[in-house]
Amino acid sequence: MGSPIDEMMLRRCMDVARRAMGHGNHPFGAILVDARGNVLMEAENGYLPSRDMTAHAERLLATRASAAYRPEFLASCTLYASAEPCAMCAGAAYWAGFGRVVYALGEKRLKEITGNHPENPTLDVPCRVVLGGGQRRVEVVGPLLEEEAAELHLMAWRSSG
């Protein structure tokens with residue numbers, strides 16, 4: 001179950017996702033927050049300009065965070081994501097060492113919205129499955145604020161499909 005802080009941070013993720021849309025990218029955003037509630041970094045989806053299908057916001061943030069901070073510190077941090085991390089992003093969150101993942105829009109709902117869009121061939125693998133397969137525990141919370149998060153995607157994928 002999410003807290004008021006979780007909801008506040010997810011809304012900030014949605015702001016980052018809106019910013020990504022403003023830059024012509026898919027509406028995904030992620031932020032990293034320390035145990036005291038300080039936002040350490042943000043990442044937008046980075047699909048454009050190079051059309052990098054692996055430039056998901058969560059993966060980009062995990063790469064930057066693992067280069068900037070020690071795993072012991074990241075174990076006390078939370079990755080907030082505007083949508084459920086895909087299998088690739090969940091793996092990146094695990095390898096970066098995040099102790100907690102909180103997301104808004106669930107993968108199943110995202111798949112309902114995007115359908116078979118070639119720029120989002122959604123993997124129907126819950127992040128809990130990926131993260132649950134690791135040797136250390138990662139707390140997962142979500143979906144939260146799912147309908148708010150869905151609105152961004154309903155606008156984006158209809159206009160690009």
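This is a predicted model: local features need pLDDT of at least 70, side-chain atom pairs count only at pLDDT 80 or more; totals for chains, interfaces and linings use all residues.
A residue counts as exposed when its relative accessible area is over 50%, and as buried when that area is under 20%. On helix 1, P4 and G22 are exposed, while strand 1 has 5 of its 5 residues buried.

**Helix 1**

- Helix 1 takes in residues 4-22, and its 19 residues should span 27 Å at 1.5 Å a residue.
- The buried residues of helix 1 are D6, M9, L10, C13, M14, V16, A17 and A20. Because they cover an arc of only 160° around the axis, they lie on the same side of the helix.
- An α-helix has 3.6 residues a turn, so residues three or four places apart point the same way.
- P4 and G22 are on the other side of helix 1, where both are exposed.
- Just after helix 1 comes G24, with a positive phi of about 85°.

- Strand 1 is formed by residues 29-33 and is mostly covered.
- G29, I31 and V33 point one way from the strand, and A30 and L32 point the other way. Residues on both sides are buried.
- Strand 2, residues 39-44, runs antiparallel to strand 1 and is joined to it by 5 bridges.
- The hairpin of strand 1 and strand 2 has 5 residues between the strands, and G37 in this hairpin takes a positive phi near 90°.
- Strand 3, residues 78-83, also pairs with strand 1 in the antiparallel sense, over 4 bridges.

**The largest pocket**

- Rolling a probe the size of a water molecule over the atoms shows where empty space is left.
- The largest pocket holds about 360 Å³ of space.
- Its lining is made up of 21 residues, and those nearest the centre are M53, H56, C86, N120 and P121.
- Helix 2 (57-68) and helix 5 (107-114) are the elements that give two or more residues to this lining.
- Sorted by class, the lining residues are 11 nonpolar, 5 polar and 5 charged.

Technical notes. Residues are numbered from 1 along each chain as its sequence is written. Side-chain values use heavy atoms; hydrogens and water are left out. Buried means under 20% relative accessible area, exposed over 50%, partly exposed in between (1.4 Å probe, protein chains only). Two strands pair if DSSP finds at least two bridges between them. On a 1 Å grid over the protein atoms alone, a cavity is a set of points where a 1.4 Å probe fits but cannot get out, and a pocket is an open set with protein on both sides within 12 Å along at least five of seven lines; lining residues have an atom within 4 Å of a point. Grid points are joined across faces, edges and corners, and a volume is the space filled by probe spheres set on the points. Ala, Val, Leu, Ile, Met, Phe, Trp, Tyr, Cys and Pro count as nonpolar, Asp, Glu, Lys and Arg as charged, and the others, Gly among them, as polar. The expected span of a helix is 1.5 Å times one less than its number of residues. The arc is that of the directions from the helix axis to the C-beta atoms.
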